[in-house]
Amino acid sequence: MDGKAIILSGGLFDSMNAKTAHGLVRGTDRYEIVGVIDAPLHGKDAGVVLDGKHRDINVYESVEAFLTAHPGGADYAVLGIATGGGKLPRHMFPEMKTCMRSGISLVSGLHEFLSDEPELSEVAEKYGVSLIDVRKPKPRKELHFWSGKIMEVSCPKVAVMGADCGIGKRTTARFLVEKLQEEGVNAQMIYTGQTGWLQGGVYGFIFDSTLNDFVSGELEHAIHSCFVKEGPDIIIVEGQAALRNPSGPCGSEFLVSGQMDGVILQYAPARKFYKGWEKTGIPMPDPASEIALIKAYGVPTLGMSLNTKGLTQAEAQQYQNTYADSLGLPVVLPVEEGVEGLLSSIKSLLPS
């Protein structure tokens, strides 16, 4: 644990824009989460708001309200939102400054850096706190080119890939690792985004802050390092974006450079167009089409995991049954029912 942390969600906790906050509420090995700051939801339990599960993480109206309830404060305040273009939310600056004046350091995974904002840097320096920008690129001397050492990794590797961004890949990957470990399998996760790092990921890199020439090498290095140091039975890799997302096509690196042995496809039946790009009219691919594309890379799809946002429970279960029947694959609702239904197909990759 790095210390106690609060999450700043700027009134967005109950929206898809707070996926970092959601991940941290569901679980993190890096911080002890002691509160969420979100005025519209104050007085509620963050876990209950998120998915109906009480997690004893209170939501407070303001940083001042949190400090009144917790005189000991916190060590860190994490920006728990994902904004358009990764811009720092100016409307949250007052709360961020209150944190710093109370001795609380700021942590952000956004593309715009806290340390580039003079009005924040001045307050941080005055009160002796840190501004931690998770997405700052590594120095070039620390980056790796692809070398072929991925071929030395003898354990199975499974990527959780999505048909779109912000669809639940990391959550499903984390659930799978936790459940496999409960069953005595040495499963390890490779994170590829800022929230994975915030959740305490040991092996990985932040995909979209890495120079393109080094993406394949950083992926290979993370997987190989995990294999050498942990001796895992299986490695689960968090995917990024989507193979056909027009704003940032991504995924072939996992299949080709990471030499995946299987894929779990994350899908959102209620989405008809790519998230944020509805105006383009470019439709989301149907699951069968996406599975065929993954197969063209030589990698089998082992199962599906559904994001049920925008669906009733009955609709979600209907899609679950329809996909399972038409595709001949196990299909799970990870948040509502867990991921146990995927374990058999994943464990089939393990040596007998």
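The following questions and answers go through a predicted model of one protein chain.

Student: How many helices and strands does the secondary structure of the protein chain come to?
Tutor: The C-alpha trace spans about 55 × 50 × 45 Å along its principal axes. Within it, the secondary structure comes to 13 helices and 13 strands.

Student: What radius of gyration does the protein chain have, against that of a compact globule?
Tutor: A compact globule with 352 residues would have a radius of gyration near 20 Å. The chain agrees with that expectation, at 20 Å.

Student: What share of the contacts with a separation of 6 or more comes from residues 24 or more positions apart?
Tutor: Of the 352 residues, 53% count as buried. Among contacts with a separation of 6 or more, the share from residues 24 or more positions apart is 72%.

Student: Which residues have the most contacts inside the largest nonpolar core?
Tutor: That core has 47 residues. Strand S2 (residues 31–37) gives the largest share of this core, 5 residues. The residues with the most contacts inside the core are Ile6, Leu8 and Met96.

Student: Which residues is leucine 8 in contact with, leaving aside neighbours within four places in sequence?
Tutor: Leucine 8 is one of the residues with the most contacts inside the largest core. Its partners beyond four places in sequence are Ile37, Val63, Ala77, Val78, Leu79, Gly80, Ile81, Met92, Met96 and Cys99.

Student: How many residues are in the other core that lies apart from the largest one?
Tutor: Among the members of this other core are Val215, Ile235, Val263 and Tyr267. Its count is 42 residues.

Student: Which residues of helix H1 are buried?
Tutor: Helix H1 (residues 19–26) has 6 of its 8 residues buried, so it is largely enclosed by the rest of the structure. The cover over these buried residues includes strand S1 (3–8), S2, helix H2 (46–51), S4, H6 and helix H7 (194–198). The buried residues are Thr20, Ala21, His22, Gly23, Leu24 and Val25.

Student: Around what arc of the H10 axis do the buried residues lie?
Tutor: In helix H10 (residues 287–296) the buried residues are Pro287, Glu290, Ile291 and Ile294. They lie on the same side of H10, because the arc they cover is only 100°.

Student: What covers the buried residues of H10?
Tutor: The buried residues in question are Pro287, Glu290, Ile291 and Ile294. Their cover includes S7, helix H9 (252–257), strand S11 (262–267), strand S12 (301–306) and helix H11 (313–327).

Student: Which residue caps the N-terminal end of H10?
Tutor: Just after H10, glycine 298 takes a positive phi of about 90°. At the N-terminal end, a side-chain oxygen lies 3.0 Å from the backbone nitrogen of alanine 288. The residue that supplies this oxygen is aspartate 286.

Student: Is lysine 157 buried or exposed?
Tutor: Lysine 157 is found in strand S7. Beyond four places in sequence, lysine 157 touches Ile150, Ile223, Ile235, Gly258, Gln259, Met260, Asp261 and Gly262. Its relative accessible area is 3%, and the cut-off for buried is under 20%, so lysine 157 is buried.

Student: How many residues apart in sequence are the parts tied together by lysine 347 and glutamate 183?
Tutor: The closest N and O atoms of this salt bridge are 2.6 Å apart. Lysine 347 lies in helix H13 (residues 340–347), and glutamate 183 in the loop between helix H6 (169–182) and strand S8 (187–191). The parts are therefore 164 residues apart in sequence.

Student: With which residue does arginine 135 form a salt bridge?
Tutor: Arginine 135 is buried, with a relative accessible area of 9%. The closest N and O atoms are 2.7 Å apart, and the partner is aspartate 208.

Methods:
Residues are numbered from 1 along each chain as its sequence is written. This is a predicted model: local features need pLDDT of at least 70, side-chain atom pairs count only at pLDDT 80 or more; totals for chains, interfaces and linings use all residues. Side-chain values use heavy atoms; hydrogens and water are left out. A salt bridge is a side-chain nitrogen of Lys or Arg within 4 Å of a carboxyl oxygen of Asp or Glu. Buried means under 20% relative accessible area, exposed over 50%, partly exposed in between (1.4 Å probe, protein chains only). Helices (H or I, at least four residues) and strands (E, at least two) are DSSP runs, numbered from the N terminus. The arc is that of the directions from the helix axis to the C-beta atoms. Contact means heavy atoms within 4.5 Å. A polar contact is a pair of N or O atoms within 3.5 Å; within protein, one must be able to donate a hydrogen and the other to accept it, and residues adjacent in sequence count only if both atoms are side-chain atoms. A nonpolar core is a set of buried Ala, Val, Leu, Ile, Met, Phe, Trp, Tyr and Cys residues joined through side-chain atoms within 4.5 Å. The radius of gyration is taken over C-alpha atoms; the globule rule is 2.2 Å times the number of residues to the power 0.38.
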